Number of protein chains: 4
Amino acid sequence: MSRLFHPPAPEPNTKQRILAAAQHLFACQGYEKSTTRQLAEAAGVAEGTLFRYFENKNAIFVEVVTQGWSELLTELLTELSEIESYGAVAEMMRHRMQNLQHHSELLRVCLMEAQFHTELRDRIQTELFSKMLGVVEAFIQTGIERGIYRPLNPTKVAHVFLGMFIMAGFGATVLNENEAPPTPDIELAETVADIFLHGLLTPPE
Amino acid sequence: MSRLFHPPAPEPNTKQRILAAAQHLFACQGYEKSTTRQLAEAAGVAEGTLFRYFENKNAIFVEVVTQGWSELLTELLTELSEIESYGAVAEMMRHRMQNLQHHSELLRVCLMEAQFHTELRDRIQTELFSKMLGVVEAFIQTGIERGIYRPLNPTKVAHVFLGMFIMAGFGATVLNENEAPPTPDIELAETVADIFLHGLLTPPE
Amino acid sequence: MSRLFHPPAPEPNTKQRILAAAQHLFACQGYEKSTTRQLAEAAGVAEGTLFRYFENKNAIFVEVVTQGWSELLTELLTELSEIESYGAVAEMMRHRMQNLQHHSELLRVCLMEAQFHTELRDRIQTELFSKMLGVVEAFIQTGIERGIYRPLNPTKVAHVFLGMFIMAGFGATVLNENEAPPTPDIELAETVADIFLHGLLTPPE
Amino acid sequence: MSRLFHPPAPEPNTKQRILAAAQHLFACQGYEKSTTRQLAEAAGVAEGTLFRYFENKNAIFVEVVTQGWSELLTELLTELSEIESYGAVAEMMRHRMQNLQHHSELLRVCLMEAQFHTELRDRIQTELFSKMLGVVEAFIQTGIERGIYRPLNPTKVAHVFLGMFIMAGFGATVLNENEAPPTPDIELAETVADIFLHGLLTPPE
DNA sequence: TATGAATGAGGATTCATTCAT
DNA sequence: CATGAATGAATCCTCATTCAT
């Protein structure tokens, strides 16, 4: 009888449900304004249940951000590693930017809220970001050495490269006139990519 | 003569002191985490005094942001209007970016926190931002018509242009390894300007 | 069986305990002077607990008054409906007034504090009071038609009738020399009833 | 020159202006809800000025109430002393009640708010009320002795007599459906007087 | 294990009162 | 003497966290 209702974990994992709800809530309202009550409700659990899976509210945030960045950068890294031509970066950028929409919530949480959680920011820095920068930097460096890219400081270019995504990611939200679901401005993404690539490539003789 | 001493307000204006303290606090800790107690202490006044000058905590925020954007964009506008050569944009950008440091706190507050204050964001949009975009757009448009800039969508380019400042403004904070007062990465600024300009200019035959 | 022990709520219902404490406190100190801290302490709960049961302090007040009037008038109505002789009103009045003591706190709260809570007063008016007046008025009207009562305006007499209870209820408190729990002045009640009835009855030829 | 503007006391006495404003405010909003700011504004003085005339907010209240009761009872006393026939009480009551409207604010303040100011209530009791009761009691007593009034307990009758005014005074406010300026229900007053007198008088053989 | 009632520290805000001018 | 800016204690209320069931 007690088997008829598999009561404890019928849904695809309580913990992930909480994290998903949290990501959404944090993106929409910010960390501080999201109450554990809302969190619990959104995740479909009781308030007390949150604290069975996470030590406290902050721990939820940390996990959202950690998972988020990891996922984000992994994808970027993968795509970067599969690139063939150094001129084809543009294509990849376009592709990437177009589905930034998919990750826009995550970006919001990671970039905006994470600012104020020092210990988290530092971990992200050392564990994920610097590695990422290293990879992009190496990529650029090679492009420069082969004469495809102009001879700029590859470290800085790598920063600009990543910054570009960030900007395109929620620049829309900040600069745009639109409300809630910031439709990814594809043309904007294209323009960013275009300018970036033109600015980077060695002009053909 | 007896006017020379006004002891209760010897400092350059209580209201401005509050706003300055608020800008700093909001930038460092975020709006929600900054308590009115801290605010008062930082401004060197009693907690109750805050509410003689502002209806509530949010009103302080609104004024910080409004003043901030206004100042920021006015400067930009001024500099833009004084530009002569369309190729000299780079120089202006460099100059602008270098003293973004001065405004970095403001940018943080305006871009990050203002997200969650809808009514404020909207006002900023209509009153400041769209005007600004219009000016830049017109500038780019002319550049394009004169064949100096490549034939891109001027609206989007204007977005990228403003986004650039934003990015350079706190990109440092997000991407950098450094702590609180992010020394403005001048070389980064130069690189951004360089890439942008190269990406924009029509290549010389 | 394990149901017999529900330790966190051994007392007869937290909500009712709060309401009882509130009635007492409001009667003794008035609404404004009663702090939520005192309320919580008097009810034997934490301050925060109040707000699990009531949206805010005012909601507590509203419920005290609503329950109070309802109870008060229901009793009155019941007794009135059970009356047989139109001359026996005096007996009922005496009985009623004697246990006004029991309700004196309620009367205090309802009559004094409710003055300033407009929306509440209005609800009481329409939902309870006017009905009540209607019943009494009809009763008086019949008494007049049968020649038992003198031919006065039954509406006004009904007002006087209800006013009598009110007066006797806390008139003591206002006029008396005694302190807090005003012992119900039975003789006063008798006198009020006596005067009222003599004033109302058609004098025997 | 300083004579052209008789600055300090041009209006008919600052202190009385404050008291008048206070009476009105206390009657409308209650003591606790009336802020010193409102008080000052209503009286047309600066907030600090209040404290030149009264030690604190409570002192203002005490003076309003003391003056009020005094005035109220003095009038009543006067009228009572001018009465000729013991049956003419009704006329006096009618007259009195009709201009209760004039004093309704005062009654509200004295009866409702004064409840919670113990030391004030006690002073009123001993200094004014008990004297008043004594006078009325003596009046009734005489009426009884002369066989004009029925042989009831004169103390209690005196209570009822005063209670009647109170009731008629703000009974309107409580029982009536009307809003702000409680028009004095003359017919109600008449009915009260009528019932009271009929209830009191020895029936004619 | 999951619940949700209870908690109480902490937050924004009000307001009587003071005091330098 | 009148002013009103400054004060800070005290208020109502929120919300992360605990714990008995």
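**C:W69 and the cores**

I started at C:W69 and listed its contacts, skipping neighbours within four places in sequence: C:L107, C:C110, C:L111, C:I124, C:L128 and C:F129. This is a predicted model, so I keep in mind that local features need pLDDT of at least 70.

Next I looked up the core around this tryptophan. C:W69 is among the residues with the most contacts inside the largest nonpolar core, and the others on that list are C:M93, C:F161, D:W69, D:M93 and D:F161. That core has 132 residues. Apart from it I found another core, of 130 residues, which includes A:A193, B:L39, B:C110 and B:V136.

**Helix α1 of chain C**

I checked the length of α1(C), residues 14-29.

Then I went through its two ends.

Which residues of α1(C) are buried? I wrote down C:T14, C:I18, C:L19, C:A21, C:A22, C:L25, C:F26 and C:A27.

**Chain A overall**

I counted secondary structure in chain A and got nine helices and zero strands. Read along the sequence, the pattern is simply α-α-α-α-α-α-α-α-α.

Of the 205 residues in chain A, 50% are buried. The accessible surface comes to about 9,900 Å², and carbon and sulfur atoms hold 54% of it. I also looked at contacts with a separation of 6 or more in chain A: 74% of them join residues 24 or more positions apart.

**Residues 35-54 of chain A**

The unreviewed UniProt entry annotates residues 35-54 of chain A as "DNA-binding region". I looked at what the model has over that stretch: 75% helix and 0% strand, with the end C-alpha atoms 15 Å apart.

**B:E79**

Last stop was a glutamate, B:E79, which sits in helix α4 (residues 57-81) of chain B. Is B:E79 buried or exposed? Its relative accessible area is 17%, and the cut-off for buried is under 20%, so B:E79 counts as buried. Not counting residues up to four places away in sequence, I have B:E79 touching B:M92, B:H95 and B:R96.

Conventions
Residues are numbered from 1 along each chain as its sequence is written. Chains are lettered from A and ligands numbered from 1 in the order in which they are written. This is a predicted model: local features need pLDDT of at least 70, side-chain atom pairs count only at pLDDT 80 or more; totals for chains, interfaces and linings use all residues. Side-chain values use heavy atoms; hydrogens and water are left out. Buried means under 20% relative accessible area, exposed over 50%, partly exposed in between (1.4 Å probe, protein chains only). Helices (H or I, at least four residues) and strands (E, at least two) are DSSP runs, numbered from the N terminus. Contact means heavy atoms within 4.5 Å. Accessible areas come from the Shrake-Rupley method with a 1.4 Å probe; for residues, only the protein chains shown count as cover. UniProt positions are given in the numbering used here, feature names are shortened, and annotations may be inferred rather than shown by experiment. A nonpolar core is a set of buried Ala, Val, Leu, Ile, Met, Phe, Trp, Tyr and Cys residues joined through side-chain atoms within 4.5 Å.
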